[in-house]
Amino acid sequence: MKIGILSDTHGAIDVVDTVFAMAPDAELWLYAGDVVGDAQYLATIAQTDVRFVPGNCDWPNPNTPETIVVEAAGHRILLTHGHVYGVQYGTRFLVEAAAEANCDIAVYGHTHVAEYSPGTPITVLNPGSAARPRDAACGSFMTVDLVPGKAPEVHLKRLGQR
């Protein structure tokens with residue numbers, strides 16, 4: 001199963017269009033917050049399942065949890081923006097939360113810096129920011145190939161590159 005992971009688009013719908021054009025075959029999209037309206041827009045153009053969580057720039061909504069668990073292709077994925085776990089200081093608390101939820105993958109945003117930390121038992125992924133990157137000149141997102149019983153195959157994609 002191919003999934004797309006996106007975060008921190010901050011209302012840049014044109015960036016969402018670009019991301020989708022680069023990965024139109026994703027069967028599932030995970031959106032790690034800042035701005036959830038962009039995730040809802042992605043759902044309309046992708047016409048596939050888009051799971052999302054709010055970020056620190058989203059208006060608080062008690063009906064939208066800050067952390068969810070997504071099951072896909074035999075994997076359990078903890079999805080969060082990350083600000084509630086203090087990810088700007090490290091991912092220790094995020095990894096602990098993923099372990100408590102019996103997840104093997106943790107996905108977060110917030111820092112605008114892409115990260116791929118393969119781990120046993122938890123792989124940590126941050127797609128960076130598609131609209132406002134802090135780690136490169138071009139925005140980024142990820143695609144991940146998931147196969148039951150195998151480690152995720154992660155691809156960092158930079159906007160403007162194929």
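1. A polar contact of 3.2 Å links the side chains of His 110 and His 81; the term denotes an N or O pair within 3.5 Å, where within protein one atom must be able to donate a hydrogen and the other to accept it, and residues adjacent in sequence count only if both atoms are side-chain atoms. This is a predicted model, in which local features need pLDDT of at least 70 and side-chain atom pairs count only at pLDDT 80 or more, while totals for chains, interfaces and linings use all residues. Residues are numbered from 1 along each chain as its sequence is written, and side-chain values use heavy atoms, with hydrogens and water left out.

2. His 110 sits in the loop between strand S6 (105–107) and strand S7 (114–117). Strands (E, at least two residues) and helices (H or I, at least four) are DSSP runs, numbered from the N terminus. His 110 counts as buried because its relative accessibility is 17%; buried means under 20% relative accessible area, exposed over 50%, and partly exposed in between, with a 1.4 Å probe and protein chains only. Leaving aside residues up to four places away in sequence, His 110 touches Ser 7, Asp 8, Asn 56, His 81, His 83, Val 87, Gln 88 and Arg 134, contact being heavy atoms within 4.5 Å.

3. The loop between S6 and S7 also holds His 112. Its phi is positive, near 65 degrees, in a residue other than glycine. His 112 has 5% relative accessibility and therefore counts as buried.

4. Asn 102 also has a positive phi, near 60 degrees, and is not a glycine. Asn 102 is in the loop between helix H3 (92–100) and S6, and counts as exposed because its relative accessibility is 61%. For background, most residues other than glycine have a negative phi.

5. How many disulfides does the structure hold? The count is 0, a disulfide being a pair of cysteine sulfur atoms within 2.5 Å. Cys 103 is at 6% relative accessibility and so counts as buried, whereas Cys 57, at 48%, counts as partly exposed.

6. An open sheet of 5 strands runs in the order S3-S2-S1-S9-S10, with mixed pairing; two strands pair if DSSP finds at least two bridges between them. Strand S3 (49–52) and strand S10 (153–158) are at the edges with a single partner strand each, so one side of each has no neighbour in the sheet. On average, neighbouring strands of this sheet are turned by 20 degrees against each other, direction ignored. Axes here are lines fitted to C-alpha atoms, for helices over the stretch in contact, and angles run from 0 to 180 degrees between N-to-C directions.

7. Helix H2 (residues 36–46) packs on this sheet and touches strand S1 (2–6), strand S2 (28–31) and S3. The direction of H2 makes about 170 degrees with that of S3.

8. Within the sheet, S1 and S2 are parallel and pair over 4 bridges, with Leu 6 opposite Tyr 31 in S2. S1, helix H1 (residues 13–22) and S2 form a right-handed β-α-β unit; right-handed means that, with the strands pointing away from the viewer, the path from the first strand over the helix to the second runs clockwise. S2 and S3 are also parallel, joined by 4 bridges, and Trp 29 has Val 50 in S3 as its bridge partner. The β-α-β crossover from S2 through H2 to S3 is right-handed.

9. Which way do the side chains of S2 point? Leu 28 and Leu 30 point one way, Trp 29 and Tyr 31 the other, and all are buried.

10. Thr 143 is opposite His 155 in S10.

11. Strand S5 (residues 75–80) is mostly covered, with 5 of its 6 residues buried. S5 pairs with strand S4 (residues 67–72) in the antiparallel sense over 6 bridges, and Glu 71 is opposite Arg 76 in S5. The hairpin of S4 and S5 has 2 residues between the strands, and in it Ala 73 takes a positive phi near 50 degrees.

12. S5 runs parallel to S6, with 3 bridges between them. Leu 79 has Val 107 in S6 as its bridge partner. S5, H3 and S6 make a right-handed β-α-β unit.
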